[in-house]
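Here is a quick tour of a protein chain, written for someone who likes to check the coordinates along the way. Have the viewer open as you read.

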Amino acid sequence: MMNRIYAKFEITMKRITIHNVAKFANVSVATVSRVINTPQKVREKNRQKVEEAIKILNYSPNDNAKALASNGVHTIGVVVADVTEPFFAILVKNVDKTATKYQKSILIGLGYHQAEKERNAIEQLIRKRCRCLVVHSKALSDEILRHYLQQESGMVLINRMITGFEDRCINLDNQKGTYLATNLLIDLGHQYIGYIGSNHQISDEIERLKGYQQAMREQQIPLIPYATTQDSPNFEGGAQGMIKLLSLNTNLTAVVTYNDEMAAGAISVLNENNYKIPEQMSIIGFDDMPVASYLTPKLTTIRYPIDLMAAYATELALSLVDESIQSPQQMKFNPTVVRRFSICKK
């Protein structure tokens, strides 16, 4: 009894923390965290011990203490290429939405698809004590990312697959996406199909070009010389890509694009040149961004469920370092066709 009184006196001489409560109750910090946040998940005996310690020590969880109670996880770090791009804006928005659900906040690092910038963004977030990281990295090597995954138990990759860490990688089959898009056009009778891709030499572009080529080969349709082009993956790049295809081809009837922004740029050029869409030229995008529903005609595209993937990645990252958060059920994400009015039968 005297030891407990002395321990209380010793502790009250300084600011009370969750570690003090755990030590006083002779339980782990994680147990104290669960009693504070989800008491129904704690055994009755331990719950009573913690509640008694909280009362005796007059402990009041503030924001800092709550962070400690969840094993130091209060802020989630997010690394994306560029938040001005709609795809990454949706990713960040859904990470933040899920973080808010668990009373967490986010910090954002920008990589711009450049290895050094991606590395600096990750390092800065780690230095800022972000034990949960949701990282979209295309420029860093598998070896470097594997090092970070080994070092940071709460790190999850999105749109990337690293051997040995498959359970912490959330990925989409980009090749399957453009394969579906090209096959759809072929099924509609199109034989002369172009492709406008990204000039960012990342895996997404490589895989999407392969999907287009795979569908053409399987249907025994010859790949047309000068029917593929690469440019910046935005509205301007799509417009330039469409100008190039029209300049070098007279028989194209359909085009698959790297993303919806490029499709929008391509459509603007076709409209300026009095092409009827889809009667004279069918267009398919990729990602299913909000712009797809506002184009004229509304854009047929491949849905990239980045909103669902970002929410899942955030919940997974949190569950890896906070025992009070249940790990989400394992999910597989697939590209799907969203059919609107920018394609028709040839």
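What follows goes from the whole chain down to its sheet, its helices and a single residue.

## The chain as a whole

First things first: this is a predicted model. The chain holds 13 helices and eleven strands. Its radius of gyration is 26 Å, well over the 20 Å that the globule rule gives for 346 residues, so the chain is more spread out than a compact globule. You can see this along the principal axes too, where the C-alpha trace spans about 95 × 35 × 35 Å.

Even so, 52% of the 346 residues count as buried. Among contacts with a separation of 6 or more, 67% are made by residues 24 or more positions apart. The accessible surface comes to about 17000 Å², and carbon and sulfur atoms account for 49% of that.

## A five-stranded parallel sheet

Now for the sheet. Five strands make it up, in the order β2-β1-β3-β4-β5, with parallel pairing, and the sheet is open. At the edges are β2 (105-110) and β5 (169-170); each has a single partner strand, so one side of each is left without a neighbour in the sheet.

Going through the pairs, β1 and β2 run parallel and are joined by six bridges, with Val78 partnered by Ile108 in β2. To get from β1 to β2 the chain passes through α6, and this β-α-β crossover is right-handed. On the other flank, β1 pairs with β3 in the parallel sense over four bridges, and here Ile76 stands opposite Cys132. Next come β3 (residues 132-135) and β4 (residues 155-158), also parallel, with three bridges between them. In that pairing, Leu133 has Met155 as its bridge partner.

## What covers the sheet

How much of β1 is buried? Six of its six residues are. Both faces are covered: Thr75, Gly77 and Val79 are buried on one side, and Ile76, Val78 and Val80 are buried on the other.

Helix α13 (residues 306-321) lies across β1, β3, β4 and β5, and runs at about 165° to β4. As for the pairing of β3 with β4, it rests on three bridges. Helix α6 (residues 86-101) packs on the sheet as well, touching β1 (75-80), β2, β3 and β4, and its direction makes about 170° with that of β1.

## A largely enclosed helix

Helix α2 (residues 18-25) is worth a click. Six of its eight residues are buried, so the helix is largely enclosed by the rest of the structure. The buried ones are Ile18, Asn20, Val21, Ala22, Phe24 and Ala25. Just after α2, Asn26 takes a positive phi of about 60°.

## Zooming in on Ile193

Last stop: Ile193, which is found in strand β6 (residues 193-198). Is Ile193 buried or exposed? Its relative accessibility is 0%, so Ile193 counts as buried.

Which residues is Ile193 in contact with, leaving aside its neighbours within four places in sequence? They are Thr182, Leu185, Ile186, Tyr212, Met216, Ile224, Ala227, Leu252, Ala254 and Val256.

Notes:
Residues numbered from 1 in each chain as written. Predicted model: local features only at pLDDT ≥ 70, side-chain atom pairs only at ≥ 80, totals over all residues. Heavy atoms only, no water. Pairing = 2+ DSSP bridges. Helix = DSSP H or I, 4+ residues; strand = E, 2+ residues; numbered from the N terminus. Contact = heavy atoms within 4.5 Å. Axes fitted to C-alpha atoms, helices over the stretch in contact; angles between N-to-C directions. Buried < 20%, exposed > 50% of the residue type's maximum accessible area, 1.4 Å probe, protein only. Rg over C-alpha atoms; globule rule 2.2 N^0.38 Å. Areas by Shrake-Rupley, 256 points an atom, 1.4 Å probe, with all protein chains shown as cover. Right-handed = clockwise from strand over helix to strand, strands pointing away.
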